[in-house]
Amino acid sequence: MEYFNVQKLGDLIREYIQMHKGPDYLDELKVINSWKTVVGPFIASHTIDLAIRNKMLFVRVDSDALRMELSFSKSVLKDNLNAQAGREVITDIVLQ
């Protein structure tokens, strides 16, 4: 009788992503996907791009005034985004 190494498909997908994208990739996606929930629809609609590199969230917005307003809330935003991921994924936010 043959025995097979049986694993759940979800576990295999997570293992593949960690091997090819890095161990933090799924948590980084949680942070990026929770941006609209954390900042609300108005700010999200003025967000051009989000990217995470070296534990820093880079946020590009289309308004200088909005960039200034967000700069005052960086610490709270960082804490709320990390809470959505369930652990510290980002250590700083860079507004562009």
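Leu-57 stands opposite Ile-93 in strand E3. The model is a predicted one, in which local features need pLDDT of at least 70 and side-chain atom pairs count only at pLDDT 80 or more, while totals for chains, interfaces and linings use all residues. Residues are numbered from 1 along each chain as its sequence is written, and side-chain values use heavy atoms, with hydrogens and water left out.

**Strand pairing and strand E3**

- Strands E2 and E3 run parallel and are joined by four bridges; two strands pair if DSSP finds at least two bridges between them.
- Helices (H or I, at least four residues) and strands (E, at least two) are DSSP runs, numbered from the N terminus.
- In a regular strand, side chains alternate between the two faces of the sheet.
- In E3, Ile-93 and Leu-95 form the covered face, whereas Asp-92 and Val-94 form the uncovered one.

**Nonpolar core**

- The largest nonpolar core has 19 residues, and those with the most contacts inside it are Trp-35, Leu-57, Val-59, Ile-90 and Ile-93.
- Such a core is a set of buried Ala, Val, Leu, Ile, Met, Phe, Trp, Tyr and Cys residues joined through side-chain atoms within 4.5 Å.
- Buried means under 20% relative accessible area, exposed means over 50%, and partly exposed lies in between (1.4 Å probe, protein chains only).
- At least two residues of this core come from each of helix H3 (35–39), helix H4 (41–45), strand E1 (47–53), strand E2 (56–61), helix H5 (64–72), helix H6 (74–85) and strand E3 (92–95).
- Beyond its neighbours within four places in sequence, Trp-35 is in contact (heavy atoms within 4.5 Å) with Gly-40, Ile-43, Ala-44, Thr-47, Leu-50, Leu-57, Val-59, Leu-77 and Leu-81.
- Ile-52 belongs to strand E1 and counts as buried because its relative accessibility is 14%.
- Not counting residues up to four places away in sequence, Ile-52 touches Glu-28, Val-31, Ile-32, Leu-57 and Ile-90.
- The C-alpha atoms of Ile-52 and Ile-32 are separated by 8.2 Å, although the two residues are 20 residues apart along the chain.

**Salt bridges**

- Side chains of opposite charge can pair when their charged atoms come close.
- Six salt bridges are found in the whole structure, each defined as a side-chain nitrogen of Lys or Arg within 4 Å of a carboxyl oxygen of Asp or Glu.
- Lys-30 and Asp-27 form one at 3.6 Å, N to O; about one helical turn separates the two because they are three residues apart in helix H2 (residues 25–33).
- Lys-30 is partly exposed, with a relative accessible area of 42%, whereas Asp-27 is buried at 14%.
- Asp-27 also forms a salt bridge with Arg-87, where the closest N and O atoms are 2.6 Å apart.
- This second pair links distant parts of the chain, with Asp-27 in helix H2 and Arg-87 in the loop between H6 and E3, 60 residues apart.
- Arg-87 is partly exposed, its relative accessible area being 32%.
- Asp-92 and Lys-74 meet in a further salt bridge of 3.9 Å, N to O.
- Asp-92 lies in strand E3 and Lys-74 in helix H6, so this bridge ties together parts that are 18 residues apart in sequence.
- Both partners are partly exposed, Asp-92 at 32% relative accessibility and Lys-74 at 27%.

**Backbone angles in the loop between E1 and E2**

- Most residues other than glycine have a negative phi.
- Asn-54, in the loop between E1 and E2, has a positive phi near 55°.
- Lys-55, also found in the loop between E1 and E2, has a positive phi near 65°.
- Asn-54 is exposed, with a relative accessible area of 73%, whereas Lys-55 is partly exposed at 34%.

**Nonpolar surface patch**

- Leu-9, Leu-12 and Ile-13 make a nonpolar surface patch of about 280 Å².
- Patches are made of residues with over 30% relative accessible area and no salt bridge; like charges are joined within 9 Å, and nonpolar side chains (Val, Leu, Ile, Met, Phe, Trp, Tyr) within 5 Å.
- Accessible areas come from the Shrake-Rupley method with a 1.4 Å probe, and for residues only the protein chains shown count as cover.
- Leu-12 lies in helix H1 (residues 9–21) and counts as partly exposed at 36% relative accessibility.
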